[in-house]
Amino acid sequence: MDSPRNLRPTAEYQAIDAAHHWHPQTDMAEVNARGSRVFAGADGIWLTDTEGERLIDGMSGLWCVNVGYGRERIAEAMYQQAKVLPYYNTFFQCTHPPAAEFAQAIAEVAPEGFSKVFFANSGSEANDTVFRLARVYWDVMGRPRKKTFIARKNGYHGSSVASASLGGMSFMHAQSGLPIAGVHHIGQPYWFGEAEPGESPADFGLRRARELASAIDRIGAENVCAFVAEPIQGAGGVIIPPETYWPEISRICAEREILLVADEVICGFGRTGRWFGSETFGIKPDLMPIAKGMTSGYVPMGGVLVHDRVAGPVIERAGEFAHGYTYSGHPVACAAGLANLAILREEGLVDRVREDIGPYLQERWLKLGEHPLVGEARMVGLIGALELVRDKERRTRFAEEGRTGTEARELSLANGLVMRATRDTLLIAPPLCLTHEEADMIAERAARTLDDLADAKA
Ligand code: PLP
């Protein structure tokens, strides 16, 4: 790309982009009709487009730029590594300093017992790795019939065949005949959207967790391999489960001998105010797919943190785990990851989310719940949502699900704040380095957006 000081006119990028670049998760007819917004630079929590407009990135890219943009230290680490050893594989008993050191650094911040990481290049690949590894585990444990996965409707675990099957996005399944065999979905712990009238969050959380027990009993525990779920569902609409949910899920998995997989791709690396969302919710998983915040998105990377109770038997008894990617443990990605972890640790960003900037933004964010168009405002750490409703008392939604969410997202962009919309829920997950002043700006811009939406609906 040309340097930001030497950009071509925006329309030129839009034209070549529309002609040649097929975007993921995007209606290309809209790209052709309206052109894409072209981003040219970023610093801290701020994005700059080719028109020179500055926007707050309230979504950390796609929930990944945890340390914020413009970190010279990460860029420098990648540059130095690319000069010394830009690539070598980690197959066939080979390694290199960044892979060994990054694996160690991740294990140091992981909950106790997670001493091994298997590297991949994305969250999707991480979940594909889970799919294969969990089955191998039960094979070596002498229980080869345990092959079925249970996951959740409206969960998101990626776009590859296995990860999209574990995911419960019906619009994704409708294309290309997913899920594949061996995946079963239960209901999600979405109290605001799906509780019965008068049902408390605690009762609803228990009811949804017990769907797991019913599903296991129906399929037969002897056939079930693992339960896979995000500590907080991100793409599904920042669904924060009631307090009763995870303890009951954990109890059911332990009682019925099912592996528990906590997909930490969004929650990992500080988003919820602990290193992993599992720690925030008291989950004791066996496997944790990770990605995004692992390198803060500076370069693609993913992986699976594997608890010793799973890694031990597989390494001992399976011999080779016949799985891996050309770029597993890529040296440049590991160098970026090491610099990223060093920033998170040295700046105390995770503790800061829990003790300082998280509570600060939460206080302002939850106040938005008083707006007449907001049915519920919620936030844990630095990940939150606003439920848009037509009638606050009755929690009535707007007609044509999703249209109001998109409208609000566009209004927010016009107010200089990038938020995301899932159906009619607005989502926020800013970089963990944001200042108090920037948190105030996020709250102000979100409030202005709600007022603009009210005006548009009047
Ligand atoms: N798991 C979760 C919880 C995610 O949110 C995502 C992506 O948003 C993925 C997995 C897939 O990650 P990737 O897009 O890196 O393949």
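Residues are numbered from 1 along each chain as its sequence is written. In this predicted model, local features need pLDDT of at least 70 and side-chain atom pairs count only at pLDDT 80 or more, while totals for chains, interfaces and linings use all residues.

**Exercise 1.** Determine the strand order of the open sheet of 4 strands and its edge strands.

*Solution.* Helices (H or I, at least four residues) and strands (E, at least two) are DSSP runs, numbered from the N terminus. Two strands pair if DSSP finds at least two bridges between them. The order is S1-S2-S3-S13, with mixed pairing. Strand S1 (39–43) and strand S13 (417–418) are the edges, each pairing on one side only. Strands S2 (residues 46–49) and S3 (residues 54–57) are antiparallel, over 3 bridges. Leu47 stands opposite Leu55 in S3.

**Exercise 2.** Classify the packing of helix H16 (residues 357–367) and helix H18 (residues 436–457).

*Solution.* Axes are lines fitted to C-alpha atoms, for helices over the stretch in contact, with angles from 0 to 180 degrees between N-to-C directions. The two axes come within 9 Å and cross at roughly 20°.

**Exercise 3.** State which residues come nearest to the ligand and which helix gives the largest share of its shell.

*Solution.* A residue is near a molecule if its C-beta atom, placed from the backbone, lies within 6 Å of it. Of the 16 residues around the ligand, Ser122, Gly123, Ser124, Gly158 and Val265 come nearest. Helix H6 (residues 123–140) supplies the largest share, 3 residues.
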